[in-house]
Amino acid sequence: MCINPETRRLSVGLDNGTISEFILSEDYNKMTPVKSYQAHQSRVLMVLFVLEMEWLLSIGQDKLFTWHCSESGQRLGTYRVSGGPCGLQFDVDTRHVFIGDHSGQVTILKLEEENCSLITTFRGHTGGITALCWDPVQRVLFSGSSDHSIIMWDIGGRKGTAIELQGHNDKIQSLSYVHHTRQLISCGADGGIVVWNMDVERQETPEWLDSDSCQKCDQPFFWNFKQMWDSKKIGLRQHHCRKCGKAVCGKCSSKRSSIPLMGFEFEVRVCDSCYESITDEERAPTAIFHDSKHNVTHVHFDATRVWLLTSGADRIVKLWDMTPVVS
């Protein structure tokens, strides 16, 4: 469902691919049917109404993205996504639409009145996209995934910067961004509600380097038969330091540390030299954690009252006062 408070227009996506539109009365006690859109061949997954364009955007299980004119009810165009779509966001200023799919890919399209063009695709998750959130002010896109991670994509910077955030132990269910305080609220299937401070200078996580031997002590890894034979040593298992990205053995990476500015709020493996270089200030947390005590499936954030509404798989709806942490 999607509701526009200004026009009290309620758009409801159905299992048969139809989107039904209603106008709610001022006291919210009556729904008047307005029109129906034959948008998809199977279940509608997400609906988004854009008041400025008078467009109704949607994605469905038929792997189609469609957009309609809400005034005439006419279909303006469709685009087939390679993977099953599961996330949808829109930028009014540039008319860019962001579509996340089950393969972990994000597709950016440029919409016109009756056609669309592919701008680019990018991928950073190892699991499927489960949530998208767009910040039109800073021009960054947040994507949550079943791989438990969040990635902040700097679209406006045009440098391909991607910042990773690790603070959940299960898939990300929903993302909401508070523009005036630059805080990201993420909810996961682990029941965690995490409030991220995005007003800090964060760092990209390094790419993991490939090597046939430890880049600290030069001990061979177990697949490096030649060096094992020459040095008469048993091969070791390969690990990676999360701070520098070097391939290291277990002996040279025995320490664990949180690196919040790199998005690692939990302790992760680092090599011994990087562990010594991390200061107490760099270990200071940049996120606030709260246990919602239910498997969150949907979230809505009211920025005016600073309330967060969560609904869970336990069929319970909870209303949270976020003023102590969002300010």
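Which side chains meet in a salt bridge of 2.9 Å, N to O? They belong to Asp302 and Arg305. Asp302 is buried, with a relative accessible area of 18%. Keep in mind as we go that this is a predicted model.

Searching the whole structure turns up nine salt bridges. In one of them, the side chain of Glu21 meets that of Arg9 at 3.2 Å, N to O. This pair links distant parts of the chain, with Glu21 in strand S3 (residues 18-24) and Arg9 in strand S2 (residues 9-13), 12 residues apart. Glu21 has a relative accessible area of 1%, so it counts as buried, and Arg9 is also buried, at 12% relative accessibility. The two belong to a network of salt bridges that links Arg9, Glu21, Lys35 and Glu54.

Now turn to Glu276 and Lys255, whose side chains form a salt bridge of 3.9 Å, N to O. Because Glu276 lies in helix H2 (residues 272-277) and Lys255 in strand S22 (residues 255-259), the pair ties together parts that are 21 residues apart in sequence. Here Glu276 is exposed, with a relative accessible area of 59%, while Lys255 is partly exposed at 29%.

A charge can also sit over a ring: Arg283 lies over the face of Tyr275, 4.9 Å from the ring centre.

That brings us to the aromatic side chains, where the whole structure holds six aromatic pairs. The ring centres of Phe65 and Trp67 are 5.6 Å apart and the planes are at 20°, so this pair is stacked. Both Phe65 and Trp67 are buried. For Phe122 and Trp153 the centres are 4.5 Å apart and the planes at 45°, so the pair is tilted. Since Phe122 is in strand S12 (residues 116-123) and Trp153 in strand S15, the pair ties together parts that are 31 residues apart in sequence. Phe122 is buried, with a relative accessible area of 16%, and Trp153 is buried too, at 10%.

Let us finish with Asp147, found in the loop between strand S14 (140-145) and strand S15 (149-154). Asp147 is buried yet has no salt bridge, and the nearest side chain of opposite charge, that of Arg123, is 10 Å away. What does the side chain of Asp147 have at 2.9 Å from one of its polar atoms? The backbone nitrogen of Thr126 lies there. The side chain of Asp147 also makes a polar contact of 3.1 Å with that of Ser145. Leaving aside residues up to four places away in sequence, Asp147 touches His125, Thr126 and Gly127.

Key: Residues numbered from 1 in each chain as written. Predicted model: local features only at pLDDT ≥ 70, side-chain atom pairs only at ≥ 80, totals over all residues. Heavy atoms only, no water. Helix = DSSP H or I, 4+ residues; strand = E, 2+ residues; numbered from the N terminus. Buried < 20%, exposed > 50% of the residue type's maximum accessible area, 1.4 Å probe, protein only. Lys, Arg positive; Asp, Glu negative; His and termini not counted. Salt bridge = Lys/Arg side-chain N within 4 Å of Asp/Glu carboxyl O. Polar contact = N/O pair within 3.5 Å; in protein donor to acceptor, adjacent residues only side chain to side chain. Contact = heavy atoms within 4.5 Å. Phe/Tyr/Trp six-rings, centres within 6.5 Å; stacked < 30°, edge-to-face > 60°. Lys NZ or Arg CZ within 6 Å of the ring centre and 35° of its normal.
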